[in-house]
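User: I have a model on screen and would like to go through some of its residues with you. Could we begin once it is displayed?
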Amino acid sequence: MEILIRNSDSQPIYEQIVRQVSAQILSGALPPGTALPSIRALARDLKISVITTKRAYDELEAAGFLVTVAGKGSFVAEGNRALQREARLREMEEHLTKAIALGRECGLGTEELRESFALLLKEEAQ
């Protein structure tokens with residue numbers, strides 16, 4: 001499991017962890033049943049607070065991505081991948097809808113919004 005924390009990112013650290021772990025689960029990089037590092041081990045590896053790591057794991061469990069077994073650790077849930085993916089797609093659509101509304105408030109037309117989106121996609125791919 002690879003997680004990169006960016007302090008310059010406006011997103012809180014626990015959300016960065018949630019986003020990256022859930023993406024790895026949805027892509028199949030972390031198959032069902034895979035054991036995740038302990039909360040303390042991940043906190044140590046990432047040089048962050050145990051509280052932050054616990055919050056990320058709690059969010060992942062609440063979203064159905066993880067199952068925690070007392071005394072054994074946290075594991076990738078056997079859950080329905082299609083439902084998890086659909087929930088993430090709905091979340092993405094909500095963010096895009098908000099971005100469009102913000103762009104419209106700034107006076108951007110459809111073509112300018114498309115150009116902005118294409119530019120961001122291009123930058124992200126690099």
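User: Is S74 buried or exposed?
Analyst: S74 is buried, because its relative accessible area is 8%; buried means under 20% relative accessible area, exposed over 50%, and partly exposed in between, using a 1.4 Å probe and protein chains only. This is a predicted model, in which local features need pLDDT of at least 70 and side-chain atom pairs count only at pLDDT 80 or more, while totals for chains, interfaces and linings use all residues. Residues are numbered from 1 along each chain as its sequence is written, and side-chain values use heavy atoms, with hydrogens and water left out.

User: Where does S74 lie?
Analyst: S74 belongs to strand β2. Helices (H or I, at least four residues) and strands (E, at least two) are DSSP runs, numbered from the N terminus.

User: What does the side chain of S74 make a polar contact with?
Analyst: The partner is the side chain of T68, at 3.1 Å. A polar contact is a pair of N or O atoms within 3.5 Å; within protein, one must be able to donate a hydrogen and the other to accept it, and residues adjacent in sequence count only if both atoms are side-chain atoms.

User: Which residues does S74 touch?
Analyst: Not counting residues up to four places away in sequence, S74 touches T34, A35, L36, Y57, L66, V67 and T68, where contact means heavy atoms within 4.5 Å.

User: How many bridges join β1 to β2?
Analyst: There are 4 bridges between β1 (residues 66-69) and β2 (residues 73-76), and the strands run antiparallel. Two strands pair if DSSP finds at least two bridges between them. V69 has G73 as its bridge partner in β2. The two strands form a hairpin with 3 residues between them, and G71 in the turn has a positive phi of about 80 degrees.

User: Changing topic, what about S22?
Analyst: S22 is in helix α1 and counts as buried because its relative accessibility is 0%. Its side chain reaches the backbone oxygen of V18 at 2.8 Å. Leaving aside neighbours within four places in sequence, S22 is in contact with L60, F65 and R88.

User: Which other residues in α1 are buried?
Analyst: Besides S22, the buried residues in α1 include Y14, I17, V18, V21 and I25. An α-helix has 3.6 residues a turn, so residues three or four places apart point the same way.

User: What follows α1?
Analyst: G28 follows α1, and its phi is positive, near 90 degrees.

User: And A118?
Analyst: A118 is in helix α5 (residues 110-125). A118 counts as partly exposed because its relative accessibility is 44%.
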